[in-house]
Amino acid sequence: MPHALLPNITQFLCSVDPFDKLPKELVRKVAAEIKITYLGKGEVIDPCNGQSGLSGEGENLSKSQQKFLYVIRTGSMEQRKPDGVLRARLGSEDLFGFTFLDDQVSKESGYQAVAIENTLLYLIPHSTLETIFKRNPEYAEHFASQAQVRLKSALDVVWSNKEKGLFIKKVSDVASGVIAIVDASMSIKDVAHEMRVVKRSSTAVVCDNGKLVGLMTDRDMTKRVIAEGHDNSAPIRDVMTPNPLTVSPNDLVLHAASLMMQHNVRGLPVVSEGKVVGLLTTSHLVQNHRMQAIFLIEKIKYATSVRNMASFTTERQAIFEALVEGNVAPETIGRVMSMIMDAYNRRIIQIAIDKLGEPPCHFSWIVAGSHARNEVHMLSDQDNAIILSDEATENDKVYFRHLSQYVSNGLAACGYPLCPGKYMAATPKWCQPLSTWKHYYKKWVSNPEYERLLNISVFLEIRCVYGEASYADILRDELHSNIRSNREFLGILTRDAINTSPPLGVFNSLVLEKTGENKKTLNIKKYAINLVIDLARIYGLAVECDSSNTDERFTQANEQGMLSDDSYKNIINAYHYILMFRQHHQLQALKRGEQPDNHINPDSFGSFERGNLKDAFRIISTLQDAVKLRFGGRL
């Protein structure tokens, strides 16, 4: 290394953790041994097995199989496991290549690093650091600590095929059908016998006249009966946990596990049509499975600051990538990503309350748009609002303005952009008492002018993620009631929904963006996904579906005979294909280190995709015609 560069490199290292923990004379020794390598975009190195893919000086390094600690001076690198799964994405001042510090690191923990743009690297020989640590052992722990953090981060984004498959499993695939079902009047002693001897189950489901009323676990027996000396001839209803949380057989395992963590419970009865059909316990979830989304939700739950949560962005991206690469159903991917966004919302609200004090009145934090539909993707921004108790005062509103500002900024810091249209709780108009919200809905439905139609298009889908869930239910009922009184509203929505047509002549007379940075690309959101969502919204409101989810709206319309079986299957399949298409498009952008978007370059298509997209667009167009006939009136 040229001697003239030494002061500059030393100064740079002194500002980089963990070198900033070393005396300057040691940093200068490290800097003197540094080798400098330039990587062009796409060039690859293997930090665990010496150099590869380097030119010039790097070729000599490869021959000697030296190992290094790497410091990125400029540019950016991406680390990927042997199976292609994202390990980490690194930029200037980031380090990698710590594995030499742990002799027990297996070959399976190896990875390759690829430059995702032109990158300048400083290579510090392992031998240099080992010599320093031998003479100055007090500094070794700083590097060991950093290595542990990075190794743990790497493990957090490792996915096996088995782990990917767990996301498509339903509760019915995992839960046990062996369950102790007891009557509320049975004695504690008899229930214990039923659990221990007859069913050999750690949990008993307590029913009264066939209705689920409580839950009793072996831990409850220990804490509430034995430890407190409770009379074991007393009825089980005296010591059971009343009104337990439940799941349905068709719920995702991920949803059930999230409930367990959120409410700190170890078992959930599985209920179908009011009847207990099984039991899901924590033991069912830890057998040979490492559910990374669950671990991320758990980390979010216990995060102590927004800054801490913001550091989880790479893991969230890794989950998305693994789900898409694992060919998990696109609607399931949306639900998983929504659950993660829910976790961010809840924790940031809790942190805000810790800072501001307890809320002065009851409230409901609701989400809207794709978040409310449980269809979050990598581009989802914030759409949220606050419904306040009608007892809220003007001073109370000041508190919630501070709360909403903190939460909105916190979500933005964690990778969920602010809504460009300002449909957020931080906007005073969208932080109002329940009575004001009822007035909004009545006004929007009775006279849906353009601006009001924009407002209601956002808040036609709402879901409570924190606070008084009943407020959101009341508003939904208010919406259905207003639409029953003014069926013309569905006609207005229909006119808006058919105003844009899918590009039926795709790749022949393709509908492309005409100007701007996305010129000559197809906006898959505008010309396909949004059209399907609009159609589902009309059908869902027509049948008063309580769910905002696109699939569930179509399903209920089909079950009520408003949407034929053929039309239902066609639009669901078309929608899922288009979602999958966008998810893979976004995945490829992430792998290239680019910002994902909705703009598809037609040159990236083959004949297979072209044919399927044409079919999907035709199905959307056909359903637009059907909606126009059914709801359009004189349009």
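**Notes on the predicted model**

1. Starting with the cavities: helix H20 (residues 469–485) is the biggest contributor to the lining of the largest cavity, supplying four residues. Keep in mind that this is a predicted model. The largest cavity has a volume of about 70 Å³, and its lining comes to 14 residues, with Leu460, Arg476, Leu479, Ser548 and Arg553 the closest to the centre. Searching the whole structure at 30 Å³ or more turns up two cavities.

2. Next, the sheet. Four strands make an open sheet with mixed pairing, and the order is E17-E16-E15-E18. Strand E17 (431–433) and strand E18 (462–467) sit at the edges, each pairing on one side only. From one strand to the next, the twist averages 30 degrees.

3. Ile387 is the residue standing opposite Gln432 in E17.

4. Which helices pack on this sheet? One is helix H15 (residues 330–356), which touches strand E15 (363–368) and E18. The direction of H15 makes about 40 degrees with that of E18. Another is helix H17 (residues 394–413), in touch with E15, E16 and E17. Here the angle between the directions of H17 and E16 is about 160 degrees.

5. Now for Glu375, in the loop that runs between helix H16 (369–372) and strand E16 (384–388). Is Glu375 buried or exposed? It counts as buried, because its relative accessibility is 12% and the cut-off for buried is under 20%. The side chain of Glu375 also has a polar partner: it makes a polar contact with the side chain of Tyr575, at 3.2 Å. Beyond its neighbours within four places in sequence, Glu375 is in contact with Gly334, Ser338, Ser370, Ser380, Ile533, Asn549, Thr550 and Tyr575.

6. Last, Ser202, which lies in the loop between helix H8 (188–198) and strand E10 (203–208). With a relative accessibility of 33%, Ser202 counts as partly exposed, so it falls in the band between under 20% and over 50%. Setting aside residues up to four places away in sequence, Ser202 touches Met195, Met216, Thr217 and Asp218.

Methods
Residues are numbered from 1 along each chain as its sequence is written. This is a predicted model: local features need pLDDT of at least 70, side-chain atom pairs count only at pLDDT 80 or more; totals for chains, interfaces and linings use all residues. Side-chain values use heavy atoms; hydrogens and water are left out. Helices (H or I, at least four residues) and strands (E, at least two) are DSSP runs, numbered from the N terminus. Buried means under 20% relative accessible area, exposed over 50%, partly exposed in between (1.4 Å probe, protein chains only). Contact means heavy atoms within 4.5 Å. A polar contact is a pair of N or O atoms within 3.5 Å; within protein, one must be able to donate a hydrogen and the other to accept it, and residues adjacent in sequence count only if both atoms are side-chain atoms. Two strands pair if DSSP finds at least two bridges between them. Axes are lines fitted to C-alpha atoms, for helices over the stretch in contact, and angles run from 0 to 180 degrees between N-to-C directions. On a 1 Å grid over the protein atoms alone, a cavity is a set of points where a 1.4 Å probe fits but cannot get out, and a pocket is an open set with protein on both sides within 12 Å along at least five of seven lines; lining residues have an atom within 4 Å of a point. Grid points are joined across faces, edges and corners, and a volume is the space filled by probe spheres set on the points.
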